[in-house]
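This report describes one protein model with a ligand. The sequence and structure come first, then the description by region.

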Amino acid sequence: MKIGDVNLPTEWLEEIVNLVAERIVVVNTKGIILYIDKAYCDFLSTTMERAIGKHITEVIEHTRMHIVANTGKAELAAIQPIMGSEMIANRYPLYAKGKLVGAVGTVMYQNPEEWREYSNKMQALVQELNFYKIKYHSAMTSKYVFDDLIGDSLEFSSIKKLAERIASGDSAVLLSGESGTGKELFAHAIHHGSPRAGSPFVRINCASIPEHLLESELFGYDEGAFTGAKKGGRKGKFELAEGGTIFLDEVGDMPLSMQSKLLRVLQEKEVERVGGQKTIVVNVRVIAATHRDLEAMVKEGAFRHDLYYRLNVINLEIPPLRKRREDIPFIAEALLKKLEYKFHRKDIEISPTVMEKLKHHKWPGNIRGVENVLERAINVLDGQRIDIPHLPLYLRDDELYSGAGFEIPIHAFIGGAKTEDCPVKLSDMLAMAEKYAIANAIQRAGGNKQKAAVILGISKTSLYDKCKKHEIN
Ligand SMILES: Nc1ncnc2c1ncn2[C@@H]1O[C@H](COP(=O)(O)OP(=O)(O)OP(=O)(O)O)[C@@H](O)[C@H]1O
């Protein structure tokens, strides 16, 4: 049979009609059956030979096909009882060259229950599909843009400008800087600002994946590559990032054996799955980040120099927070907004005294540290204003100075605070302890420094020097 330019054998068309979910019947304007498919006949306990040529009312009960073939008006989703079952029927007038020549009827499923069951099943599957689509989308796309990077200080805005400029290129980028300075945020924003923005942004943390799994995570594996390998194999992060960007976080923690494999991929621009035979060409931009001093690691032989040069085409060194203190109030306000949204709170403000404290703290955990302090404050807050009592002990010096009895406040460094906010160096810890001891002695001595020096067992000059060093009045 020839339909337009398509030439399909009649038996193919019959098979196609039998395969579709709906049953079909065709009548002319007199209501005579011209065609009815085999499955419909089976359901009606008849045969095509017996049904074709008969009036529709003789073959199908409660039919309205002959009416539609006369009125030319479609009837959709009508419930029609046939052979004791409720069917969902659609009746369409059939026009040829603008003239009404008959009607086509379709019925679906034997009863509405069956239809409902089918639709419920489909609904659940569609919902599940949408859930995974959203999950996949959010896992594979960049979440931040350059406007999310807060900071107007000279140090920060010059790095941000440079990042904006290089985003449009294709060169590898190495983001360095202390933990919590925003390296990951920069990686997201660079991808978002690049021509690859419409393609995936795939992140992998090289430090958090055990060495023996890292290769298959990065490059994928083929079926049967190892015990427990999934049927059909699995794509690695490089393949998943095709056309987009791969973000290699904590690249400095990558084992040397993997560094050689990564270097090969960057040079050849192709990956080989674990247990695979063929090479797969990949088109991926690489952004790497580390809080380690890679140059020093290269000198020590802990990081391959050739890989270092491959990754370090563009180096962006994100400054620590203590080198851009003027940004702290803006960052704190922006983080507060984010946290208000997270905790369903509104109109929380930071008192000027707290803001001063935030501005003068060293922030070894950088912006993540500020985030932790504010999150903790919101959790203990009963009103709308974050004040000194809502801060962790290591930030509220004033309270410690007036505290009764001396104890080295180790809990001030770790209790209630995340470890990354605490001094980690022994010298910093000792300096803190010294400061607390002096403040406590002055408090006990009622402000008399001579007495305080006696309590401390040091000379008055030494006490004055230490007060100056620690900025104690
Ligand atoms: N410039 C900024 N403006 C606002 N928020 C920021 C900024 N930089 C970082 N942050 C926030 O600080 C937190 C830490 O940032 P991020 O994870 O990017 O740091 P990182 O340098 O990658 O840390 P790590 O080395 O530990 O992985 C995040 O919650 C991020 O949203």
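## Terms and overall make-up

Helices (H or I, at least four residues) and strands (E, at least two) are DSSP runs, numbered from the N terminus. This is a predicted model, in which local features need pLDDT of at least 70 and side-chain atom pairs count only at pLDDT 80 or more, while totals for chains, interfaces and linings use all residues. Residues are numbered from 1 along each chain as its sequence is written.

The protein has 21 helices and 18 strands. Of its 473 residues, 29% count as buried. A residue is buried if 20 or more other C-beta atoms lie within 10 Å of its own, exposed if 12 or fewer, and partly exposed in between, with C-beta atoms placed from the backbone. Two residues are in contact if their C-beta atoms, placed in that way, lie within 7 Å. Among contacts between residues at least 6 apart in sequence, 62% join residues at least 24 apart.

## The ligand shell

There are 19 residues around the ligand, and Ile150, Gly182, Lys183, Glu184 and Ile367 come nearest. A residue is near a molecule or strand if its C-beta atom, placed from the backbone, lies within 6 Å of it. Three helices each supply at least two residues of the shell: H8 (183-192), H14 (328-342) and H16 (366-380).

By residue type, the shell divides into seven nonpolar, seven polar and five charged. Here Ala, Val, Leu, Ile, Met, Phe, Trp, Tyr, Cys and Pro count as nonpolar, Asp, Glu, Lys and Arg as charged, and the others, Gly among them, as polar. The shell lies between domain 2 (146-319) and domain 3 (322-391), because both give residues to it. These domain bounds come from an automatic or database domain assignment.

Is helix H8 enclosed or in the open? Nine of the 10 residues of H8 are buried, so this helix is largely enclosed by the rest of the structure. The buried ones are Lys183, Leu185, Phe186, Ala187, His188, Ala189, Ile190, His191 and His192. Lys183 is also among the residues that come nearest to the ligand.

The elements that cover the buried residues of H8 include helix H7 (154-167) and the strands E8 (173-176), E9 (201-205), E12 (245-249), E15 (285-290) and E16 (314-317).

## The parallel sheet

Five strands, in the order E9-E12-E15-E8-E16, form an open sheet with parallel pairing. E9 and E16 stand at the edges with a single partner strand each, so one side of each has no neighbour in the sheet. Direction ignored, neighbouring strands of this sheet are turned by 20 degrees against each other on average. For such angles, axes are lines fitted to C-alpha atoms, for helices over the stretch in contact, and angles run from 0 to 180 degrees between N-to-C directions. Two strands pair if DSSP finds at least two bridges between them.

E8 is joined to E16 by four bridges and to E15 by four bridges. Leu175 has Leu316 as its bridge partner in E16 and stands opposite Ala289 in E15. Val173 faces Ile287 in E15, and Leu174 faces Asn315 in E16. Val173 and Leu175 point one way from E8, Leu174 and Ser176 point the other way, and all are buried. In a regular strand the side chains alternate between the two faces of the sheet.

Six of the six residues of E15 are buried. Arg285, Ile287 and Ala289 lie on one side of E15, and Val286, Ala288 and Thr290 on the other. E15 also pairs with E12 over four parallel bridges, where Thr245 stands opposite Arg285.

E3 (residues 23-28) and E7 (residues 99-108) run antiparallel and are joined by six bridges. Ile24 has Thr106 as its bridge partner in E7.

## Helix H21

In helix H21 (residues 460-469) the number of buried residues is one of 10, so H21 lies largely in the open. Just after H21, Glu471 takes a positive phi of about 55 degrees.
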